[in-house]
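Here are some notes for a colleague who is about to look through this model.

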Amino acid sequence: MATFFDQRREALAALARRRAQKGAPAPQQQKRGEHTPEDPVKCPGCGAVSLRREMRENLYVCPRCGCHLKVSAVYRLRNLFDGGAGRELDRNLQPGDPLEFPGYREKLRGLQQSTGMTEAAMTAVGKIGGIPVTAGVLDSRFLMGSMGTAVGEKITRAAEYAQRSRLPLILFCASGGARMQEGILSLMQMAKTAAAMERHHRAGLLSVCVLTNPTTGGVTASFASLGDIILAEPGALIGFAGPRVIRQTIGQELPEGFQRSEFLLDHGFVDHIVDRRELRDTLGLLLRLHQKPGKGVERP
């Protein structure tokens, strides 16, 4: 199987060819993968500057303070699957504009050109430690990973594919919540994705949700909280409403570290916090522990 970087380059090249045929200029490629290895990267946590090469080798975890920087869906899948190879699901599923929200179509086209993705979610099938899995990743570069109808449909289809194929489901969540430009249709995705997760659960199959920074709003209130095992990256903001909104609503100061993954671990919301550099090994261990001989990976 081709690596996700190869697939992404092919998609961008095809987009450039289509635009050239129409007489339009090729889009500027301003993505992480296009930078040089010697470019400086500033840590949002401690402010230290490292070379992009160093950050890449450290999976974009600051070598000084351990802050986990945001990464793209392509980068996550490449570092998740064996050999960085996998098969993308529903690649051509396109978002709509059901409310004809002003400027929404233009914003979607611009993000598709700059990210090489059709939507904020990418789903795929690959292997971790030789064990087949279905995975889904939300990408915060695309409208903050907000959940519109196409994102909800992709997550639902991934859960249904995993159920049909008797595969475990791994979801990396990073979202600002439901997508306001799609109104109530966006909120309906909460029920749809939750129902798909429940069907996968009732089939006796394993699901793991990995909460990354940030995971908020309707995504937190739906599929992100429904995994059989819930992991989180260090320091991730996790919640429904943001801390500023809560503070203004209740008129009280919040506890230190409120809504960060460490706080939620102490209060039983997540099962374990895993450093990104150890995440692939941790997921591989969980898959092996839940593997039934001759029957794939299932819940105990």
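1. Two strands are taken as paired if DSSP finds at least two bridges between them. On that basis the model, which is a predicted one, contains an open sheet of seven strands, arranged in the order β3-β4-β5-β6-β7-β8-β9 and with mixed pairing. The edges of this sheet are β3 and β9 (272–273), and because each of them has a single partner strand, one side of each is left without a neighbour in the sheet.

2. Strand β8 (residues 229–232) and β9 run parallel and are joined by two bridges, and A232 has I273 as its bridge partner in β9.

3. Two helices can be described in relation to the sheet. Helix α3 (residues 73–80) lies across β4 (121–128), β5, β6 (169–175) and β7, and runs at about 10° to β4. Helix α5 also packs on the sheet, where it touches β3, β4, β5 and β6, and its direction makes about 25° with that of β4.

4. The structure holds 18 salt bridges, and the one between R157 and D90, with the closest N and O atoms 3.0 Å apart, links distant parts of the chain, since R157 belongs to helix α5 (residues 149–164) whereas D90 sits in the loop between β3 (86–89) and α4 (104–115), 67 residues apart. Both partners count as partly exposed, R157 at 32% relative accessibility and D90 with a relative accessible area of 26%.

5. Is D97, which forms a salt bridge with R105, buried or exposed? With 9% relative accessibility, D97 counts as buried, because the cut-off for that class is under 20%. R105, in contrast, is partly exposed, with a relative accessible area of 47%, and the closest N and O atoms of this pair are 3.4 Å apart.

6. M144, with phi of about 55°, is found in the loop between β5 (131–138) and α5, and counts as partly exposed at 35% relative accessibility. Q259, with phi of about 70°, is found in the loop between α8 (243–250) and α9 (261–266), but this residue counts as buried, because its relative accessibility of 6% falls under the 20% cut-off.

7. The peptide bond from N213 to P214 is cis, with omega near -10°, and P214 lies in strand β7 (residues 207–215), which stands between β6 and β8 in the strand order.

Conventions. Residues numbered from 1 in each chain as written. Predicted model: local features only at pLDDT ≥ 70, side-chain atom pairs only at ≥ 80, totals over all residues. Heavy atoms only, no water. Salt bridge = Lys/Arg side-chain N within 4 Å of Asp/Glu carboxyl O. Helix = DSSP H or I, 4+ residues; strand = E, 2+ residues; numbered from the N terminus. Buried < 20%, exposed > 50% of the residue type's maximum accessible area, 1.4 Å probe, protein only. Contact = heavy atoms within 4.5 Å. Axes fitted to C-alpha atoms, helices over the stretch in contact; angles between N-to-C directions.
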